[in-house]
Amino acid sequence: MERIQLTRRISVASGKEPADTVVKNGRIIDVFNGEIIEGDIAIVDGYFAGVGQYEGKNIVDAKGRYVVPAFIDGHVHIESSLVTPSEFAKVLLPHGVTTVIADPHEIANVLGAPGIQYILDSSENLPFDFYIMLPSCVPATSFENSGAILKAENLQPFYQHPRVLGLAEIMNFPAVLHAEDDMLNKISDAKQYGKKVDGHAAGLSGSDLNVYMAAGIRTDHESTSAVEAKERLKSGMFLMIREGTVAKDLRKLIPVVNQYNSRRCLFVTDDKHLDDLVHEGSIDHNVRLAIDNGLSPITAIQMATINAAECFGLEDKGAIAAGYKADFSLVDNLETMSILHVFKDGIAVVEEGKLIMDCSNTHEDHTSALRKSVHFDEIIKSNFQIPLSSNKANIIEIIPNSLVTRHIVEEVDVCDQGFFQPSICSDQLKLAVIERHHSTRQIGLGIVKGLGLKYGAIATTIAHDSHNLIIAGTNDGDMVLAANKIKEMQGGLVVIKQGQIIASLELPIAGLISDRPYKEVYSSLNNLHLALEKLGAHNHFNPFLTLSFLALPVIPELKLTDKGLFKVSKFEYIDICSFKNRAF
């Protein structure tokens, strides 16, 4: 079949036979020269056959619009959208995104290899390309209890899959630095199969970056400043510029991009909630934001297309040229990136901004083995008591719209029995992480500042990266109700106020993903946001997504796992008020 298609492509390219489709009257974005050109675009069997003068069986009149290669997200966790791959595709296609490089790290931390297989199976036969990078760190560290452990030998079989591109973000820097056997085996296996290796260099600089490069790691999406971004480019890494729901780094990094280094830069979303994908878009939002901040539209388009394709060795993606996949959009205005029509493999999937192609996948009906993943004993008020030996405590302070937190020490309220008392005035709330995979009865307790809740509690089983149950609250009673409601739902998000459940969203697939259509999930998310307003939560950042990253012990500075309060820079636990490190 490939030989027949190749013969046809050559025949159409040479003008010996008509194309399946010809796009006429379009202004074509030439990502190689950074120019806008004109000509007919010939398409056959889902590929571009040429740009020039062509005849075809079907004519698409671009009516003077820009013809832009379809966008590629260079690093995303589908699970953060809270919907299945097919629903995810339905959301992204109208935004001109037809390809993502996905890391199923979240579901793998809950279910292991079956979670990876689910993402592969449920993303088959869709008008959308899901490529997979295999989770490198399950668990992310040894400092928390996850639902699964993936060794090098567990990943090896997946390298045979045609949509597996390599090894995903290596976030366990100490394992690389100390050349631990399993980590070296994972990197060596990826290289042996000719695959890529992604990095996760949060807080790293200097010789630490040299360690990553020496290990064959070539990308990083964790730059949060221009200085970090430039250092990664200088080291030879591809710079992934992230704009997600919590981590919004683009404005700070775009000034680094110039005519000399722009082809080493690409866009990613990493973690983005469904409501933000619907409201803002995906990579198209990154492109618009970059343009608004001074980047030329052509450079922004290059970063969203050919740069991402070349970073991951996708030789037939990211450009409008002969031999490339016919994935493209028709755009009215480059400055606003107003996408009207989207084509996948030469076939219209979006017209006038509306999805017209079916995106169903029957595998998503067979998820019984992926459910019932929330296991812990009944929670009572005493489980949340935090004994203090001092009126000062180590506190996790939130930085709005950032994955990074501050480690601060403040005076706190202590009751007569010697337990921490949440303070609305000081914005000091209780934080708990409950192990939910193996009923270990492990509960980590801490204090968080910056969520702004005036009442109640919020809870979710989305708690990166091991996805235990995380709860923040103003009182023990509402925190207990939140925990037990989550167990009843077998995963999800819940908002509690004064003993009442005022909003919830069930996520029965691994406690991370809904089995409902994205429009229903979107409606539930809107109800959750309205409920958060009733709790007095801040509205200039996403409280739930912020909460979900407070348990991630690979992002500075202070986090909470089910094992306790964790100082990331020291890779050690600390007591809430002893101010001395304690290693387990």
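Is C425 buried or exposed? At 82% relative accessibility, C425 counts as exposed, where exposed means over 50% relative accessible area, buried under 20% and partly exposed in between (1.4 Å probe, protein chains only). The views below show a predicted model, in which local features need pLDDT of at least 70 and side-chain atom pairs count only at pLDDT 80 or more, while totals for chains, interfaces and linings use all residues. Residues are numbered from 1 along each chain as its sequence is written, and side-chain values use heavy atoms, with hydrogens and water left out.

View 1. With a disulfide taken as a pair of cysteine sulfur atoms within 2.5 Å, the count is 0. The sulfur of C425 lies 17 Å from the closest cysteine sulfur, that of C415, which is too far for a bond. C265, buried at 0% relative accessibility, has its closest cysteine sulfur in C311, at 11 Å, again too far for a bond.

**View 2. Nonpolar cores.** A nonpolar core is a set of buried Ala, Val, Leu, Ile, Met, Phe, Trp, Tyr and Cys residues joined through side-chain atoms within 4.5 Å. The largest has 185 residues, of which F267 and I471 touch the most other members. A second, separate core of 15 residues includes I101, Y131, M133 and A168.

View 3. Helices (H or I, at least four residues) and strands (E, at least two) are DSSP runs, numbered from the N terminus. Helix α2 (residues 85-92) is largely enclosed by the rest of the structure, because 7 of its 8 residues are buried; among them are P85, F88 and L92. The buried residues of α2 pack against several elements, including β8 (71-76), α4 (113-122) and α16 (518-534), contact meaning heavy atoms within 4.5 Å.
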